[in-house]
Amino acid sequence: MNRAFDRPTRIFFAATALFTIAVAAGALRPEGSALSVGPLTVSLLGKYMCLATLALSVDLVWGYMGVLSLGHGAFFALGGYAFGMYLMRHIGSRGVYSSQLPDFMVSIGWDRLPWYWLGTDVFAYAVLLAAAAPALLALAFGWTAFRSRVSGVYFSIISQAMTYALMLAFFLNSLGFGGNNGFTDFKEILGFELAARSTSTCLFLASASLMLAFYWACRVVAASRLGLCARAVRDNEERARFAGYRVERVKLFVFVLSAAAAGLAGALYVPQAGIINPNSFAPLFSIEIVVCVALGGRGRLYGAVAGAFLVNWLKTALTGLMPGAWLFVFGLLFVAVTVFLPDGVAGSAERLFGAAALRLKGGRRGAEAGA
Amino acid sequence: MERKPGPDGPPVDFAAFPGGRASASGPQGGGATSGASEGSPAGAPSGEAGAATSPFGDGWTPKAQRRKEHVLLLEGISVSFDGFKALDGLSLYLKEGELRSVIGPNGAGKTTMMDVITGSARPDSGEAWYAGTVNLLDKDEVFIAQAGVCRKFQKPSVFETLTVSQNLELALKAPKTVWSTFRARLSGGDRDFLAGVLDLTRLSGEAGTIAGALSHGQKQWLEIGMLLSQKPRVLLLDEPVAGMTPQEIERTAGLLESLRGRCSVILVEHDMEFVRAVASGVTVLHQGRVLSEGTMDEVSGDPRVVEAYLGGAAC
Ligand SMILES: Nc1ncnc2c1ncn2[C@@H]1O[C@H](COP(=O)(O)OP(=O)(O)OP(=O)(O)O)[C@@H](O)[C@H]1O
Ligand SMILES: [Mg+2]
């Protein structure tokens with residue numbers, strides 16, 4: 001696995017680990033003391049870690065394989081809903097109606113859980129579902145699209161349509177997922193109070209671990225011949241096919257892997273956000289993630305993570321200062337990235353460093369030749 | 001495939017190409033076995049193929065015999081695009097180890113013929129057989145490529161953002177399912193083999209170069225190198241010397257020369273000098289049919305050929 005764990009990856013892992021430990025240590029210190037990190041900040045950073053995982057999953061299919069999905073938010077949201085079911089079940093009778101059923105079911109007059117809610121009170125099953133449901137959706141969607149050789153902008157458009165259709169479906173009360181209110185008012189996870197500071201710290205740590213684990217998985221895939229094949233598909237799909245690869249299957253595998261990771265990220269996001277509703281299926285959310293990847297620099301995993309932190313930090317800051325301004329700023333950002341930073345921040349940085357390194361090397365070689 | 005070129009043998013043992021088929025992966029999917037991996041072309045025709053087309057069902061008819069004797073056989077192939085006949089009853093026979101040049105004015109149907117052979121175009125009528133037993137018309141591109149029919153496109157197509165050696169590694173004949181591709185590692189034998197291919201295509205010095213940065217001629221060679229990595233039994237080259245300098249053309253002729261007898265080649269070219277240089281049987285296509293066949297001198301003396309080329313040039 002040496003090829004997977006190359007130098008940029010080692011640097012990224014070291015930096016992320018340091019950052020994570022610093023935040024967790026800060027969260028353990030009494031509030032108000034030096035270097036302490038408040039629970040809100042911890043949750044915020046935990047959410048950013050989840051969004052970074054989602055950005056990684058987009059980068060894997062878009063950056064490496066050239067398949068631009070404008071509906072990846074759907075996988076994230078689906079994972080979030082799957083785990084949200086677990087959280088809802090563990091509200092128990094502490095809800096408004098003091099029923100074992102989730103409040104929204106009582107209010108629409110249901111007297112028992114629909115079949116697809118069965119078993120969702122089991123943590124392991126809920127986690128499995130959070131990965132499996134998006135993976136199955138990706139399998140069905142990808143199989144249909146890739147097999148009929150839908151690609152390029154057409155794929156992007158239908159992926160967007162998919163998430164939009166799901167959003168409309170999840171708005172329906174009769175679907176059994178809480179309609180437009182979605183899930184909220186969670187109380188506990190694995191028996192721990194969600195309001196407790198230690199719980200939010202643990203969730204943050206889990207989010208950071210998930211991000212790093214998926215990052216590593218992406219590196220392993222990218223460094224394998226399959227990763228080469230994915231890049232080959234991006235460069236020239238026809239050639240890849242004539243080299244003997246079943247391009248549809250390669251695409252499907254990577255797409256499903258990416259969707260499962262996005263689902264797990266969504267699952268971890270929901271307890272930290274405290275809510276999930278159909279708006280997480282909104283096309284805009286998926287586009288935001290794509291912009292994160294573009295801004296960070298696609299095809300470079302650390303770029304996706306950096307982009308996710310940058311864009312979401314900007315979003316948080318702006319929403320605090322000037323609610324409503326975000327959409328405009330986001331639009332500007334979108335245009336600016338496309339026009340000025342086609343390779344993203346990471347790409348520009350690499351070019352800068354690369355040019356400097358080349359000049360250094362060239363200078364040295366020149367000196368040797370002169371000597 | 002465990003076959004290491006000995007230190008005293010040639011760097012790349014191309015004679016092993018056809019043999020390589022048997023031990024390497026069969027084409028994946030569907031559990032179908034490639035006819036190409038079933039014994040030598042001289043072996044008895046497989047029951048499946050013989051029974052399917054022989055009216056006598058005894059596996060021996062002139063047609064079955066023809067199929068057995070040629071590594072590639074096209075008979076009566078017609079392809080039409082919205083009523084326009086790009087191929088019109090084309091027949092072409094290629095023997096094992098033969099190098100055949102196919103020439104013809106623009107729009108003669110040369111590329112379309114390759115599309116038919118490689119499974120990317122479906123003819124309205126006709127038959128296409130590979131290695132005597134593989135019915136090319138009901139196989140797809142990937143199966144055909146894995147079975148050893150490898151194609152160079154008219155427009156040079158390599159993986160532009162990958163290095164030269166990565167391009168070759170990807171093309172390398174190996175099991176190509178998702179899982180085996182994920183697990184694949186270059187063995188020592190693979191490395192030696194790829195080094196041989198690099199050598200043959202004069203790209204040894206460019207192994208680490210990004211393919212997009214190569215010159216036009218080098219890209220063409222790289223694409224040929226990728227085909228060689230696939231250990232082909234039949235090589236289809238669509239205008240391999242287009243855009244090359246005279247020196248590069250000469251080297252390419254040398255490259256083709258070194259392949260002679262090791263795999264069968266169909267060479268589509270407009271460059272008559274080059275076709276003459278590689279000295280092979282020539283088939284002239286015109287308006288989707290075979291106009292003339294013979295040596296270069298024979299066909300260029302054929303008044304119908306002269307007429308076709310002049311007519312083509314006039315419009
Ligand atoms: N997909 C297609 N749809 C419609 N017409 C096509 C298609 N492909 C090829 N043709 C037509 O079929 C004819 C044969 O084309 P083909 O590309 O096989 O010619 P060619 O001999 O390779 O020519 P060139 O020397 O220019 O490469 C041409 O008239 C072309 O316009
Ligand atoms: Mg052509």
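**View 1. Two side chains of chain B hold a magnesium ion.** Start with the magnesium ion (ligand 2) in this predicted model: T111(B), through OG1, and Q154(B), through OE1, coordinate the ion at 1.9 to 2.2 Å. Donors here are N, O and S atoms within 2.8 Å of the metal (3.2 Å for Na, K and Ca), and water is not among the atoms, so sites may look incomplete. T111(B) sits in helix 4 (residues 110-118) of chain B and Q154(B) in the loop between strand 6 and helix 6 of chain B, so the pair ties together parts 43 residues apart in sequence. Helices (H or I, at least four residues) and strands (E, at least two) are DSSP runs, numbered from the N terminus.

**View 2. Chain B meets chain A.** Chain B brings 36 residues to the contact and chain A brings 27, where contact means heavy atoms within 4.5 Å.

**View 3. A salt bridge joins E169(B) and R225(A).** Their side chains come to 3.0 Å, N to O.

**Notes.** Residues are numbered from 1 along each chain as its sequence is written, while chains are lettered from A and ligands numbered from 1 in the order written. In this predicted model, local features need pLDDT of at least 70, side-chain atom pairs count only at pLDDT 80 or more, and totals for chains, interfaces and linings use all residues; side-chain values use heavy atoms, leaving out hydrogens and water.

Technical notes: A salt bridge is a side-chain nitrogen of Lys or Arg within 4 Å of a carboxyl oxygen of Asp or Glu.
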